[in-house]
Amino acid sequence: MKRLPLLAFGLLLILISRSAGSQAQPSATEADKPKTVPRHAGAAVPAPSVCSACIRAHMEFLASDALRGRGSGTADEMVAATYVASQLRAYGIAPAGDDGGYIQRAVFEQPRLTAPPQLTFVKPSANAAGEQISWTFGKEFIVRSLSQTHFSGRLRVINADEYDPGVAGSVVLILGSDWPKLRAKAVSVTSAGAVAAVVTATAEHAARFEEKARQLPDLPAKIDGKDAAGLGDSFTLLEINPDAVTLLKALPENTTVTFASSESSEPRHTWNALGMLPGSDPKRGAVLLSAHLDHLGIGKPVNGDNIYNGADDDASGTTAVLELARALGSGPRPKRTVVFALFGSEELGGLGSAYFREHPPLPLQDIAVNLEFEMLGRADPAVKSDTVWLTGWERSNLGPELAARGAKLVGDPHPKSNFFARSDNYVLAKRGMVAQTVSSYGLHSDYHQPSDDLAHIDFKHMDAAIGSLLEPVSWLVDSDFRPEWKEGGRP
């Protein structure tokens, strides 16, 4: 190979340097330039602006095939948390994780059943031992939710519309066919002290008992030796074959029902990314801005695609929190401390947020409010295209205050879906914190499917939705407004 003359070599280096610089910093298109969001009357400082290029860049990495769907508790989730940490540092947000860093490694115990559970009925008898009936898992019954591996209680039979306070210590068979009523009654009787609830399956569900029984029931994870009590069901609910209902109804009073199973436990990990922007007046109470960074990872192929990218759920919410971190980190120091939390393993039942709740970077009572961001990547046809909604709008005075300051925010148009209790906010709300979720999920069919990918993201909507929140959140972190639950609103 011939050597280049020194002058030619120098010119070549200059050209390469200029070329690399132009590739590293491409000229912004009109769509990528930060957009100024109008500020409400009386404001004395410039309004924050949204960075469209930043939003797209975060989404293109977090929802890429390279992250393999950011599966809960996997190395891919840890990569996503590490990426978030690097962005928080770039935005001037201080670390709030373990050992002076941004990552909080959440450790939990995950119990697993080691064999199919058994259900037995012992009729009362004048003799020492009564007649015993045994049922097979996957034939006469399956488990809808399980909070304990062993329980026993007397059998009670009630109707879904019936009020019966005497259920403490019982296994309650609830008669009826309306599933929402049955589930609500199951929650009611277990809250009143019943050890378990039993409902009748539809013929369609019963036909799938054998298929469902191929996977043993999940058990709640434990943090510090206690149930994580994050999202999902925290009670025991069994579903029985319609043919078996007649038998149960015919059993005499004081029949004893016993559920038995065996379990083992193993330690698992998930990763949260935590940052903090210290405020000048921490007595006002901190503001927690959060989202979950995990999704379903690699799963059953659909149309040849097995990567569940989770672009809307919840790369979009993670992106919203990062954009708020960028805007707040580049402005004046807020009066309130702001905590940025991107939780792992929400898809496993809010485990990352449950660990955060038990190991917060500052006392929970010092956090005045939590705004969670979940599924903002597409417009909801039920509201205007640039609008987002707040779960539990009627529960507190938070939503109206933010809307009055420019947030294009309305009440949840899907109250029957109970989204208030289906995101990480609920983990904290159960401890009394005013915690609600901002979303624009329109019940689209790509939810929890491989097709929840970048191709289906509406970036124009994301820019407008996040942009409308920048100024109201900037107001919130400087105000002394402390949101409150309305009467009956606290879960």
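Predicted model: local features only at pLDDT ≥ 70, side-chain atom pairs only at ≥ 80, totals over all residues.
**Exercise 1**

Determine how α2 and α8 are oriented to each other, and which residues bring them into contact.

Solution. 
- Step 1. Helix α2 covers residues 52-62 and helix α8 covers residues 311-329; they pack at an angle of about 140°, and their axes are 9 Å apart.
- Step 2. Angles over 145 degrees count as roughly antiparallel and those from 65 to 115 as roughly perpendicular, while the rest, apart from those under 35, are oblique. The helices α2 and α8 are therefore oblique to each other.
- Step 3. Their crossing is right-handed.
- Step 4. From α2, the residues in contact are Cys-54, Ile-55, His-58, Met-59 and Leu-62. From α8, they are Ala-311, Ala-315, Ser-316, Thr-318, Thr-319, Leu-322, Glu-323 and Arg-326.
- Step 5. Sorted by class, the residues of this contact are seven nonpolar, four polar and two charged.

**Exercise 2**

Solution. 
- Step 1. The crossing of α2 past α12 is right-handed.
- Step 2. On the α2 side, Ser-52, Ile-55, Arg-56 and Met-59 take part; on the α12 side, Phe-459, Met-462, Asp-463 and Ile-466 do.
- Step 3. This contact of α2 with α12 has five nonpolar residues, one polar and two charged.

**Exercise 3**

Find the disulfide of the structure, give its handedness, and decide whether its cysteines are buried or exposed.

Solution. 
- Step 1. The structure holds one disulfide. Cys-51 and Cys-54 form this bond, with their sulfur atoms 2.2 Å apart.
- Step 2. The torsion about the S-S bond is about 75°, so the disulfide is right-handed.
- Step 3. Buried means under 20% relative accessible area. Cys-51 has 10%, so Cys-51 is buried. Cys-54 has 18%, so Cys-54 is buried.

**Exercise 4**

Work out how far α9 is enclosed, and what covers the buried residues of α9.

Solution. 
- Step 1. Helix α9 comprises residues 351-358, eight in number, of which seven are buried.
- Step 2. The buried ones are Leu-351, Gly-352, Ser-353, Ala-354, Tyr-355, Phe-356 and Arg-357.
- Step 3. Helix α9 is therefore largely enclosed by the rest of the structure.
- Step 4. The cover includes the strands β4, β11, β15, β16 and β19, and the helix α11 (425-429).

Notes
Residues numbered from 1 in each chain as written. Heavy atoms only, no water. Axes fitted to C-alpha atoms, helices over the stretch in contact; angles between N-to-C directions. Helix = DSSP H or I, 4+ residues; strand = E, 2+ residues; numbered from the N terminus. Left-handed = near helix turned anticlockwise from the far one by under 90°. Contact = heavy atoms within 4.5 Å. Nonpolar A, V, L, I, M, F, W, Y, C, P; charged D, E, K, R; others polar. Disulfide = S-S within 2.5 Å. Buried < 20%, exposed > 50% of the residue type's maximum accessible area, 1.4 Å probe, protein only.
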